[in-house]
Amino acid sequence: MIDSLYELIARTGFTDPLHAPLTHIPIGLVIGAFFFFLGAVLFGRKNLVVTARHVSILAFLFVFPTILFGVFDWLHFFKGALIAPIKYKMILASTVLVLLAVGIIVGSELKVHTAPMMVIYALTVVAVIGLG
């Protein structure tokens with residue numbers, strides 16, 4: 001079934017992995033959320049905390065199709081071989097998903113927990129950089 005999808009898309013001339021273009025969305029959103037929160041902390045702009053949380057929610061939503069198409073690419077191009085880079089990507093993608101969920105939950109409180117949230121945002125950025 002997955003090979004049929006890639007064959008259909010290859011007829012249009014696109015033979016690259018489907019996962020690659022999708023990765024830019026959550027990566028950009030994670031980095032954006034970090035900088036919105038950093039701006040909130042540095043400039044005392046509480047409305048940027050809300051913006052950072054909304055951007056995190058959007059990143060969380062886009063992680064799912066990105067992971068799904070990553071699995072499709074892995075099955076199609078690597079035939080499901082568990083090589084080291086794939087294992088690392090699975091661990092880091094899971095880490096990003098968990099950190100985003102924790103950040104969304106912790107950030108839902110009305111009080112701003114500056115230190116824990118900064119750590120969560122920073123770790124998520126580090127995990128995303130590791131994925132790249």
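Predicted model: local features only at pLDDT ≥ 70, side-chain atom pairs only at ≥ 80, totals over all residues.
**View 1. Edge-to-face pair of Phe34 and Phe35.** The ring centres of Phe34 and Phe35 lie 5.2 Å apart with the planes at 70°, so the arrangement is edge-to-face, the class for angles over 60 degrees. Phe34 has a relative accessibility of 17% and therefore counts as buried, the limit being under 20%.

**View 2. Tilted pair of Phe37 and Tyr121.** Here the centre-to-centre distance is 5.1 Å and the angle between the planes is 40°. The pair links distant parts of the chain, with Phe37 in helix 2 and Tyr121 in helix 5, 84 residues apart. Both Phe37 and Tyr121 are buried. Beyond residues up to four places away in sequence, Tyr121 touches Ala33, Phe34, Phe37, Ala52, Arg53 and Ser56.

**View 3. The largest nonpolar core, with 20 residues.** Val30, Phe37, Val96, Leu100 and Tyr121 touch the most other members of this core. Two or more residues each come from helix 2 (19-43), helix 3 (46-77), helix 4 (84-106) and helix 5 (114-131). The greatest contribution, seven residues, is that of helix 5.

**View 4. Helix 3 and its packing partners.** The 32 residues of helix 3 reach 45 Å from first to last C-alpha, close to the expected 46 Å. Its buried residues include Val49, Ala52, Ser56, Phe72 and Trp74. The buried residues of helix 3 pack against helix 1 (2-10), helix 2, helix 4 and helix 5. Just after helix 3, Lys79 adopts a positive phi of about 55°.

Definitions and conventions:
Residues numbered from 1 in each chain as written. Heavy atoms only, no water. Core = buried A, V, L, I, M, F, W, Y, C linked by side-chain atoms within 4.5 Å. Buried < 20%, exposed > 50% of the residue type's maximum accessible area, 1.4 Å probe, protein only. Helix = DSSP H or I, 4+ residues; strand = E, 2+ residues; numbered from the N terminus. Contact = heavy atoms within 4.5 Å. Expected span 1.5 Å × (residues − 1). Phe/Tyr/Trp six-rings, centres within 6.5 Å; stacked < 30°, edge-to-face > 60°.
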